[in-house]
Structures are given as C-alpha cells and as structure tokens.
Amino acid sequence: MGRLKELRKYVNNELNKMEDPDERISAVAHLYGVSLAATMLAKARGLNEELAAMAAMLHDLYAYKSGSYDDHAHKGAELAREILNELKITDECETEIICSAIYHHDDKLTVDGSMDELLKDADVIHHTMNDSSKDIKEKEQARYDSIIDELGLKPIYYDDFESFDEDYPMETIYYRVEGIDKNTEESKCGYITVCQLILCEITSLPPGLTSEEYVEKARGIDNPDIPVLFELMGILGDMYVPDEYEVDKDNRICLCNDDYFGFAYPFFCKLDSLTQKYTRLKLGYLEFCLDNDEKLYEDDEQLVITKEIYLKHKSELDYMYFEE
C-alpha cells in the first residue's frame with residue numbers, strides 16, 4: 001500500500017468516528033479537496049506532490065477530532081507528528097516539512113516556507129471555490145487574488161470591441177446564456193429576462209413590469225438573495241440596478257471565447273442557483289460563430305460558457321436568438 005493511501009485510510013477511520021453525519025461529510029470534502037488542490041499546486045511549483053497531499057490530509061484533522069478550531073493549526077501539527085511517527089511512513093525531514101506546513105497554515109497574512117505557503121494556498125482554494133456564493137474572508141482575499149493570477153484565472157476585460165477584434169481572430173465560436181424550461185428543455189428567454197423573472201417571484205409582483213419597478217420593490221424586502229442578484233445584474237450589464245451595484249462598462253464581463261471561461265464561472269453558478277431556486281428554468285447555452293465579415297454588436301456583452309457544457313444541450317438549442 002502506498003503511504004498516501006495508508007495515511008488516507010487512517011484519516012478516514014478517524015473521520016468515521018464523528019457522530020454528526022453533516023460535519024463528517026464536510027470534513028471529508030474539505031480534507032480531500034485541499035489535498036487535491038495541494039497536489040496540483042505542487043506539480044505547478046515543482047514541489048513534492050506526495051508530501052503536499054499528505055500535509056493537506058492532516059491539516060484540519062485536530063479540529064475535526066476535537067470539535068474545536070482553537071489554536072487548531074499548532075495543535076494539529078502536534079497531532080500530525082504523532083500520527084506520522086505511529087505510521088512510520090515518513091523520515092524525519094519529511095515529517096518536519098509536513099508538520100511545519102500544518103503549523104503555519106492558518107497564518108494567511110504571513111509568508112513562510114514554500115510548502116507552508118502551498119498548504120495555505122490550497123486551503124484558500126477550497127475555502128473560496130468549494131462554494132463561490134460565500135464571501136471571501138478578508139484575511140484570505142490577497143492570497144486568493146495572487147492564486148488567481150498564478151493560475152491564469154484573472155478576468156480579461158476589454159474597453160471596446162475594436163481591441164477585442166485585434167487580439168483574437170474572428171473565426172471562433174462564442175456562447176450565449178439562455179433560460180431553459182426544465183420540463184420541455186426549450187429555451188424561453190435570455191439571461192436579462194431570467195433576472196427579471198427571479199425579481200418577479202421574489203417581489204410577488206405580476207410579470208410584464210419594468211426592471212425599475214421590480215428593483216424598487218425588491219429593495220424594500222429583507223431577502224439575502226436580493227443583493228446577490230443585484231450584484232450579478234450590475235456585472236452582466238444592460239439592466240437597471242441600484243446605483244451602488246452599477247458597474248462601469250469597462251469592468252463588466254465581456255463576451256469572449258471559451259479559452260477564458262474560467263473567470264466567469266462563479267458568476268454563472270450564482271445566477272444558475274438563483275434561477276433554479278425561484279423559477280422553473282435552468283441555464284442553458286447557445287453557440288454562434290463569427291466569420292471574418294461579421295461584427296459583434298458594440299453593446300453585446302454576454303456571460304461566457306464552455307463548449308463542453310453547451311454540447312449537453314445542443315440537440316435542443318440549434319439556433320441563437322429567441323423571442324423573450
């Protein structure tokens with residue numbers, strides 16, 4: 001048995017002792033999620049992938065066993081040392097590397113050794129990307145931004161479509177987000193109307209009103225989903241939103257090809273979650289191809305989606321625009 005597999009077997013046995021099934025599921029998801037992220041970062045940074053994965057599997061085990069996060073990083077390093085000494089799967093140097101990473105992993109605002117930094121970053125990846133609807137912790141924001149830059153996931157914005165056309169060939173496929181009826185799998189509307197339908201449901205106002213009427217009504221309702229929706233509407237553009245959610249055109253998500261889908265995905269997930277919560281729709285995808293003699297409309301800014309996801313709906317979605 002490989003030593004990473006042996007360690008995971010040990011950790012699994014410890015987690016199975018947790019009485020609360022929801023907490024146990026959360027623990028498994030986090031330790032394995034951070035372990036995967038750590039392995040990927042180690043490969044990218046030329047560090048030991050196995051040690052990175054092992055440190056991640058142990059980094060929060062103390063908190064899960066004790067039920068407390070009080071000084072869990074330092075106490076977790078002590079527990080990790082005991083486990084590694086018991087299992088005898090690492091030498092002294094490897095044990096020090098793993099325990100150091102665990103000891104420092106909660107110090108997100110300081111810079112330590114290379115493996116220490118890797119575990120911190122892997123932890124932040126899972127904290128911020130496991131559920132993109134949650135706000136990023138203040139102490140993790142700078143580290144998150146740095147990771148996004150390192151992995152090439154930083155948003156690409158264009159001031160105008162002339163610069164866009166100069167940077168990328170016109171012969172490429174682009175995608176458009178649409179609202180799909182869950183029952184018929186037919187497209188019903190574009191994302192703007194999807195947002196209006198969500199507001200219509202939240203406010204209990206009749207359909208057919210203006211965005212301004214829905215927004216003004218929604219502003220007086222105590223519902224945590226409303227600020228999230230307003231934020232999305234401001235980012236996507238072409239919709240009325242309260243002034244505090246208005247986004248300059250230069251900072252909106254610009255239509256671009258599937259090579260740059262990654263940065264748009266969190267916004268898509270948020271909108272899709274609200275769509276399925278408040279309407280009978282789900283979000284679907286359309287493609288259209290730009291030839292050399294075609295131009296984008298200057299104000300045509302749509303959320304990007306990937307070809308792989310689009311292909312799941314291609315049999316139902318073989319045209320571009322619909323009556324809304």
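Modeller: A residue counts as buried when its relative accessible area is under 20%. By that cut-off helix α3 is mostly covered, with eight of its ten residues buried. The model is a predicted one, and among the elements of the protein chain, α3, residues 49–58, has the highest mean pLDDT, at 97.

The buried residues of α3 are Leu51, Ala52, Ala53, Met54, Ala55, Ala56, Met57 and Leu58. The cover over them includes α1, α2, α4 (61–66), α5 (72–87), α6 (92–104) and α7 (114–129). For the chain as a whole, buried residues make up 47% of the 324 residues.

One of these neighbours, α6, can be described in more detail. Two packed helices are described by the angle between their axes and the distance between the axes. For α3 and α6, the axes come within 9 Å and cross at roughly 50°, which makes α3 oblique to α6. The crossing is right-handed. On the α3 side the contact is made by Leu51, Met54, Ala55 and Leu58, and on the α6 side by Glu94, Ile97, Ile98, Ala101 and Ile102. By class, these residues divide into eight nonpolar, no polar and one charged. An α-helix has 3.6 residues a turn, so residues three or four places apart point the same way. The four contributors from α3, namely Leu51, Met54, Ala55 and Leu58, are also listed among its buried residues.

From α1 the contact takes Arg8, Val11, Asn12 and Leu15, and from α2 it takes Arg24, Ala27, Val28, Leu31, Tyr32 and Ser35. That contact has six nonpolar, two polar and two charged residues.

Further along α2 lies Ala44, which is exposed, with a relative accessible area of 58%. Its C-alpha atom is separated by 9.6 Å from that of Glu150, although Ala44 and Glu150 are 106 residues apart along the chain. Glu150 belongs to the range of α8 (residues 138–150), the helix that holds Glu140. Glu140 counts as buried, at 2% relative accessibility. Leaving out residues up to four places away in sequence, Glu140 touches Lys108, Val124, His127 and Thr128.

Of the contacts with a separation of 6 or more, 65% are between residues 24 or more positions apart.

The mean pLDDT is 78, and 74% of the residues reach 70 or more. Helix α9 (residues 161–167) has the lowest mean pLDDT of the elements, at 39. The pLDDT is below 50 over residues 253–263, a stretch with 43 contacts in the model beyond near neighbours in sequence. It also stays under 50 over residues 290–324, where the model has 95 contacts beyond four places in sequence. Where pLDDT is low, the predicted coordinates should not be read in detail.

Technical notes: Residues numbered from 1 in each chain as written. Predicted model: local features only at pLDDT ≥ 70, side-chain atom pairs only at ≥ 80, totals over all residues. Heavy atoms only, no water. Contact = heavy atoms within 4.5 Å. Helix = DSSP H or I, 4+ residues; strand = E, 2+ residues; numbered from the N terminus. Nonpolar A, V, L, I, M, F, W, Y, C, P; charged D, E, K, R; others polar. pLDDT = per-residue confidence, 0-100. Buried < 20%, exposed > 50% of the residue type's maximum accessible area, 1.4 Å probe, protein only. Axes fitted to C-alpha atoms, helices over the stretch in contact; angles between N-to-C directions. Parallel < 35°, antiparallel > 145°, perpendicular 65-115°, else oblique. Left-handed = near helix turned anticlockwise from the far one by under 90°.
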